[in-house]
Amino acid sequence: MMVVLSGLLAASLAIGLPVGSAYADEPTDGTGAGTSATEVLDSLEVKGRAPKTGYKRTQFGKAWADVDHNGCDTRNDILNRDLTGVRHKWRTHNCVVKSGKLHDPYTGKDIKFKKGKKTSTAVQIDHVVALSDAWQKGAQKLSEERRTALANDPYNLLAVQGRANQKKSDGDAATWLPSNKGFRCEYVARQIGVKHKYSLWVTQAEKEAMAKVLSSCPTQTVPDYTGVKDSTAEKTTESEQTEQTQTEQTQTEQTQTEQTQTEQSAEQAQQTQQTTQAPAPEPAPAPAPAPQPAPQQDVYYQNCTAARAAGAAPIYQGQPGYRSQLDRDHDGVACE
């Protein structure tokens with residue numbers, strides 16, 4: 001046993017590994033994840049900003065290279081990670097994001113994303129530690145492969161509001177912080193993790209700005225995850241949405257069919273009930289209108305003898321045949 005252990009120790013020393021690393025469960029990612037952000041900040045080298053001479057975006061490799069070889073470029077990897085309600089461009093194997101919604105960590109606002117020449121810039125992918133800032137603080141000494149890894153590392157990338165990203169430009173914590181104050185601690189802690197991972201330094205002003213932010217959150221640790229901590233909403237792919245839409249249409253059709261059948265059954269039941277019920281008695285005919293009195297005709301009795309002979313006497317005033325000449329006492333009754 002001692003021979004075996006001695007052999008492993010010798011092998012570790014020969015390749016430059018610290019003693020005990022041969023028995024480590026997992027290699028560290030170099031960010032200091034899980035450790036106090038203030039402690040990791042204190043471990044970073046403090047130096048002045050180096051000249052920007054020689055900086056080009058190409059010094060960090062091809063923009064949005066597929067460094068993880070998953071068939072999808074880094075930009076779309078981050079959009080897929082940070083957006084919710086994601087829909088993909090057809091026949092891109094769920095890679096190219098066509099639309100979605102971002103809860104922007106820099107401003108705290110919700111932003112609708114739609115891929116297009118004039119609309120894609122509403123959501124941009126930010127390097128938490130800007131590449132120009134990294135170049136002036138140690139990245140010049142990194143290999144091109146290592147710089148390419150830095151530029152495409154999901155740990156150093158966030159989908160954010162385009163305007164906020166433009167305002168930040170290549171600023172460090174001393175010159176720019178997110179307007180969303182609730183995200184500043186996590187933002188600074190991630191910058192510290194990135195700089196620790198890639199052996200980058202900080203300026204004195206930058207360190208003081210970071211320390212000031214962390215003083216409001218003394219328990220803040222260096223993040224051990226990519227993306228934003230509260231981005232836990234489920235992603236919905238286009239194929240899932242299509243399936244969901246089809247399901248909803250089927251359910252709607254079934255509901256309509258059931259409703260139609262119910263209405264038909266109710267109508268049939270009503271008709272059956274009407275058929276089985278005894279017929280209601282017909283309403284009594286309306287009474288015939290009273291006969292209108294025949295229009296008065298002019299009657300003339302030459303004298304009361306004639307009136308009596310006709311059976312009309314006595315004749316009251318207003319009746320046919322009444323004349324004042326027949327009413328001798330003028331009491332309204334003629335031929336008394």
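Trainee: Which residues is Ile192 in contact with, leaving aside its neighbours within four places in sequence?

Mentor: This is a predicted model, and in it Ile192 is in contact with Ala37, Val40, Leu41, Leu44, Met210 and Leu214.

Trainee: And what is the largest nonpolar core?

Mentor: That core has 38 residues, and Ile192 is listed with Tyr106 and Leu200 as having the most contacts inside it. Two or more residues are given to this core by each of helix 2 (37-43), helix 4 (131-135), helix 5 (144-152), strand 5 (157-161), helix 7 (184-197) and helix 8 (204-214). Helix 7 provides the largest share, six residues.

Trainee: Which residues does the second, separate core include?

Mentor: The second core has twelve residues, including Leu79, Val97, Phe113 and Val123.

Trainee: Let us turn to helix 3. Why is it described as largely enclosed?

Mentor: Helix 3 is largely enclosed by the rest of the structure because eight of its nine residues are buried. The buried residues are Thr74, Asn76, Asp77, Ile78, Leu79, Asn80, Arg81 and Asp82.

Trainee: What do they pack against?

Mentor: The buried residues of helix 3 (74-82) pack against strand 1 (84-88), strand 2 (97-103), strand 3 (110-114), strand 4, helix 5 and strand 5.

Trainee: Which residue caps the N-terminal end of that helix?

Mentor: Asp73 is the cap of helix 3, with a side-chain oxygen 3.1 Å from the backbone nitrogen of Arg75.

Trainee: You mentioned helix 5. Which of its residues are buried?

Mentor: Arg147, Thr148, Leu150, Ala151 and Asn152 are buried in helix 5. Those buried residues pack against helix 3, strand 4, helix 4, strand 5 and helix 7.

Trainee: A change of topic: what is the volume of the largest pocket?

Mentor: The volume is about 320 Å³. The pocket is lined by 15 residues, and Gln124, Ile125, Asp126, His127 and Asn165 lie nearest its centre.

Trainee: How do the lining residues divide into nonpolar, polar and charged?

Mentor: The lining of the largest pocket has five nonpolar, six polar and four charged residues.

Trainee: Finally, the chain as a whole. How many helices and strands does it have?

Mentor: The protein chain has ten helices and seven strands. Of its 336 residues, 36% count as buried. Among contacts between residues at least 6 apart in sequence, 66% join residues at least 24 apart.

How values were computed: Residues are numbered from 1 along each chain as its sequence is written. This is a predicted model: local features need pLDDT of at least 70, side-chain atom pairs count only at pLDDT 80 or more; totals for chains, interfaces and linings use all residues. Side-chain values use heavy atoms; hydrogens and water are left out. A nonpolar core is a set of buried Ala, Val, Leu, Ile, Met, Phe, Trp, Tyr and Cys residues joined through side-chain atoms within 4.5 Å. Buried means under 20% relative accessible area, exposed over 50%, partly exposed in between (1.4 Å probe, protein chains only). Helices (H or I, at least four residues) and strands (E, at least two) are DSSP runs, numbered from the N terminus. Contact means heavy atoms within 4.5 Å. On a 1 Å grid over the protein atoms alone, a cavity is a set of points where a 1.4 Å probe fits but cannot get out, and a pocket is an open set with protein on both sides within 12 Å along at least five of seven lines; lining residues have an atom within 4 Å of a point. Grid points are joined across faces, edges and corners, and a volume is the space filled by probe spheres set on the points. Ala, Val, Leu, Ile, Met, Phe, Trp, Tyr, Cys and Pro count as nonpolar, Asp, Glu, Lys and Arg as charged, and the others, Gly among them, as polar. A polar contact is a pair of N or O atoms within 3.5 Å; within protein, one must be able to donate a hydrogen and the other to accept it, and residues adjacent in sequence count only if both atoms are side-chain atoms.
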